[in-house]
Amino acid sequence: MGRLIDAALAVGTVFGVQYASREISPADDPSTRRWYDRLNKPHFNPPGPVYGVVWTILDGLLAWSGYRLLRAEKSCCRTVALILWALCVAGVAGFPFFVFRKRQLGTGLAICVGLIMTSGASICAAHKVDCKAASMQVPFFAWLIFATCIHEEIWRTN
């Protein structure tokens, strides 16, 4: 029964945050969509549907990583890894709130930079607990770097 609860907790956390984020994204709000579409974006900004595919994969990997960390033997290292993992997941919700709901591009950039640092720390902490859990977070880290480059250009040119 513990595995089922851990799986539900990890998956529910990640996909719950993603669902909440979607509620305030440009895909669901016409005025936010118009505002976002009018922003200057860099040539390397992927088309909208790419984000959905990428985030589905990243969310699955983050949930799986969280599950593995929850299943690991209890220790201080595990607690640190889970806290950092949870901060990464929370940051995913913070970005669309400030960028799309509040339209604060600078705050969004700060969140991006913070997420890169938190994600890197989360990978390091998870590596001490479960190497596979840590490796599942690497694509998220790589995407954050790319997404931060995109967002920095949007912030700078708008």
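In the predicted model, E152 and R156 form a salt bridge, with their closest N and O atoms 3.7 Å apart. A salt bridge here is a side-chain nitrogen of Lys or Arg within 4 Å of a carboxyl oxygen of Asp or Glu. Both E152 and R156 lie in helix α6, four residues apart, or about one turn of the helix. Helices (H or I, at least four residues) and strands (E, at least two) are DSSP runs, numbered from the N terminus. E152 is partly exposed, at 26% relative accessibility. Buried means under 20% relative accessible area, exposed over 50%, and partly exposed in between (1.4 Å probe, protein chains only). R156 also meets the side chain of E153 in a salt bridge, at 2.7 Å from N to O. E153 and R156 are separated by about one helical turn, because they stand three residues apart in helix α6. Shared partners join E152, E153 and R156 into one network of salt bridges. An α-helix has 3.6 residues a turn, so residues three or four places apart point the same way.

Residues are numbered from 1 along each chain as its sequence is written. Because the model is predicted, local features need pLDDT of at least 70 and side-chain atom pairs count only at pLDDT 80 or more, while totals for chains, interfaces and linings use all residues; side-chain values use heavy atoms, with hydrogens and water left out. The pLDDT is the predictor's confidence in each residue, from 0 to 100. Its mean over the protein is 92, and 97% of the residues reach 70 or more. Among the elements, α6 has the highest mean pLDDT (98) and α1 the lowest (85).

Five salt bridges are found in a search of the whole structure. One of them pairs D130 with R68, the closest N and O atoms being 2.8 Å apart. This pair links distant parts of the chain, 62 residues apart. D130 sits in the loop between α5 (105-127) and α6 (131-157), and R68 in helix α3 (residues 48-71). D130 is buried, at 14% relative accessible area. R68 is partly exposed, at 25% relative accessibility.

The largest nonpolar core has 27 residues. Such a core is a set of buried Ala, Val, Leu, Ile, Met, Phe, Trp, Tyr and Cys residues joined through side-chain atoms within 4.5 Å. V14, W55, L58, L69, W85 and F140 touch the most other members. The elements giving two or more residues to this core are α1 (2-22), α3, α4 (76-101), α5 and α6. L58 touches P139, F140 and W143, when residues up to four places away in sequence are not counted. Contact means heavy atoms within 4.5 Å. A second, separate core of eight residues includes W35, L105, I150 and I154. In soluble globular proteins, nonpolar side chains tend to be buried together.

Helix α3 has 24 residues, which should span 34 Å at 1.5 Å a residue. The expected span is 1.5 Å times one less than the number of residues. The end C-alpha atoms of α3 are 35 Å apart, in agreement. Buried residues of α3 include V54, W55, L58, D59, L62 and A63. S65, G66, L69 and L70 are also buried in α3. The buried residues of this helix pack against α1, α4, α5 and α6. In α4, 26 residues should span 38 Å at 1.5 Å a residue, and the end C-alpha atoms are 37 Å apart, which agrees. R103 follows α4 and has a positive phi, near 60°.

Leaving aside neighbours within four places in sequence, S65 is in contact with W85, A133, M136 and Q137. Leaving aside neighbours within four places in sequence, T148 contacts L109, C112, V113 and I116.
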